[in-house]
Amino acid sequence: MTQDADGQTEVSPSSDLRYRRVILKLSGESLADSGGRGISGEESGEIARQIKAAHQSGCQIAIVIGGGNILRGAQFSGRNAMVQEATAHYMGMLATVINSLSMQDALESIGLQTRVMSAVPMEKIAETFIRRRAIQHLEKGRVVILAAGIGNPFVTTDTAAAQRALELDADVVLKATRVDGVYSDDPEKNPHAVLYESLTYGEVIAKNLKVMDATAIALCNEHAKPILVFNFKKDGNIVKAIQGETVGTWIGTTKLPPHG
Ligand code: UDP
């Protein structure tokens with residue numbers, strides 16, 4: 001690591017780094033305790049520690065955080081007829097900002113430099129997302145937390161992760177889930193569900209596999225942006241995924257990762 005003229009730490013990538021830059025997609029529930037609601041200091045702290053460990057290898061990390069531990073627009077408007085669906089989606093975007101601010105402090109409390117960049121301007125608490133500025137932050141070794149999704153209703157933060165991966169030229173979308181990867185069926189309901197080691201986008205679409213939302217899959221497919229779906233709950237898996245070790249299910253134009 002070196003310091004630039006502003007005293008900022010520049011992370012020197014190690015030469016055997018598999019990914020130069022990644023988008024890590026965390027659901028809001030990943031910050032919660034077992035009930036899936038609210039924010040748990042313990043869970044956030046563990047995720048922050050793993051991000052720090054992975055960051056030390058020199059990989060540039062941008063995080064997209066969901067808001068499902070607080071509110072998902074479609075579900076909320078379904079239950080509350082007086083709230084229009086578009087309004088509920090904006091509420092969901094605000095939930096992602098709450099999570100992003102919490103994750104920012106979790107990361108900074110252990111010594112990482114971060115920036116929260118929001119797709120919805122709110123200058124008192126976050127920078128507004130500007131693509132070139134986000135890239136500068138990443139190049140200076142700051143972990144960038146991308147809040148408020150893409151800033152538009154009727155999509156989820158999966159789409160935001162795919163969109164930002166394209167814009168920021170990330171090597172891969174790392175989708176953190178509670179299961180080991182993509183299965184032929186819901187493994188929490190069907191004990192015979194089979195875990196796929198790798199899939200093509202075409203297979204994900206043809207088999208209607210629940211990986212990320214359809215818009216996210218379409219974007220990644222169209223632009224050949226790989227996705228790795230992995231279990232963030234297993235020991236050290238966030239570090240392994242960011243450092244390009246073999247975990248979870250790889251989805252790309254070909255069935256196996258280029259170096260797999
Ligand atoms: N959302 C939105 N536009 C976006 C991203 C998110 O409208 O670009 C809303 C949407 O209602 C979504 C909610 O924010 O349900 C929370 O995000 P998400 O469901 O992706 O959270 P997660 O399930 O990953 O915790």
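Which residues come nearest to the ligand, out of the 21 around it? That is where this set of close-ups begins, and keep in mind throughout that the model is predicted.

View 1. Gly28, Gly68, His89, Asn152 and Thr157 come nearest, out of 21 residues around the ligand. Now look at the backbone. At Gly67, a backbone N or O atom lies 2.9 Å from one of the ligand's oxygen atoms. Ile150 also brings a backbone N or O atom to an oxygen atom of the ligand, here at 2.8 Å. For Asn152, the ligand atom is a nitrogen, and a backbone N or O atom of the residue lies 2.7 Å from it. How much of the ligand does the protein bury? Taken alone the ligand exposes 520 Å², and 95% of that is buried by the protein.

View 2. Count across and you'll find 9 strands in an open sheet, with mixed pairing. The order to follow is β6-β5-β7-β4-β3-β8-β10-β11-β9. Which strands stand at the edges? They are β6 (127-128) and β9 (198-200), and each has a single partner strand, so one side of each is left without a neighbour in the sheet.

View 3. Strand β5 (residues 114-118) pairs with β6 in the parallel sense, over 2 bridges. To spot the pairing, find Met117, whose bridge partner in β6 is Glu127. Helix α3 (residues 85-108) packs on the sheet, where it touches β4 (60-65), β5 and β7 (143-147). The directions of α3 and β7 make an angle of about 165 degrees.

**View 4. Strand β4 and its covered residues.** Is β4 mostly covered or mostly open? It is mostly covered, with 6 of its 6 residues buried. In a regular strand, side chains alternate between the two faces of the sheet. Strand β3 pairs with β4 in the parallel sense over 6 bridges. One place to check this is Ile23, which has Ala62 as its bridge partner in β4.

**View 5. Strand β8 between its two partners.** Here, too, the strand is mostly covered: 6 of the 6 residues in β8 are buried. Val172, Leu174 and Ala176 point one way from β8, and Val173, Lys175 and Thr177 point the other way. Strands β3 and β8 run parallel and are joined by 4 bridges, with Val22 opposite Val172 in β8. Strands β8 and β10 (residues 227-231) also run parallel, joined by 5 bridges, and Val173 stands opposite Ile227 in β10. Helix α5 (residues 157-167) lies across β3 (21-26), β4, β7 and β8 (172-177). This helix runs at about 175 degrees to β3.

**View 6. A lysine inside strand β8.** Zoom in on Lys175, which sits in strand β8. Is Lys175 buried or exposed? Its relative accessibility is 11%, so Lys175 counts as buried, the cut-off being under 20%. If you leave aside neighbours within four places in sequence, the residues in contact with Lys175 include Lys25, Asp158, Val211 and Met212. Ile227, Leu228, Val229 and Phe230 are also among the contacts of Lys175.

View 7. Ala148 belongs to the loop between β7 and α5, whereas Asp169 is in the loop between α5 and β8. Now compare their cover. Ala148 is buried, at a relative accessible area of 0%, while Asp169 counts as partly exposed at 45% relative accessibility.

**View 8. Leu17 in its loop.** Leu17 is found in the loop between β2 (9-10) and β3. Its contacts, neighbours within four places in sequence aside, are Ser57, Gly58 and Cys59. How far apart are Leu17 and Gln84 in space? From C-alpha to C-alpha the distance is 46 Å, and the two are 67 residues apart in sequence.

Technical notes. Residues are numbered from 1 along each chain as its sequence is written. This is a predicted model: local features need pLDDT of at least 70, side-chain atom pairs count only at pLDDT 80 or more; totals for chains, interfaces and linings use all residues. Side-chain values use heavy atoms; hydrogens and water are left out. Two strands pair if DSSP finds at least two bridges between them. Contact means heavy atoms within 4.5 Å. Axes are lines fitted to C-alpha atoms, for helices over the stretch in contact, and angles run from 0 to 180 degrees between N-to-C directions. A residue is near a molecule or strand if one of its heavy atoms lies within 4 Å of it. A polar contact is a pair of N or O atoms within 3.5 Å; within protein, one must be able to donate a hydrogen and the other to accept it, and residues adjacent in sequence count only if both atoms are side-chain atoms. Accessible areas come from the Shrake-Rupley method with a 1.4 Å probe; for residues, only the protein chains shown count as cover. Buried means under 20% relative accessible area, exposed over 50%, partly exposed in between (1.4 Å probe, protein chains only).
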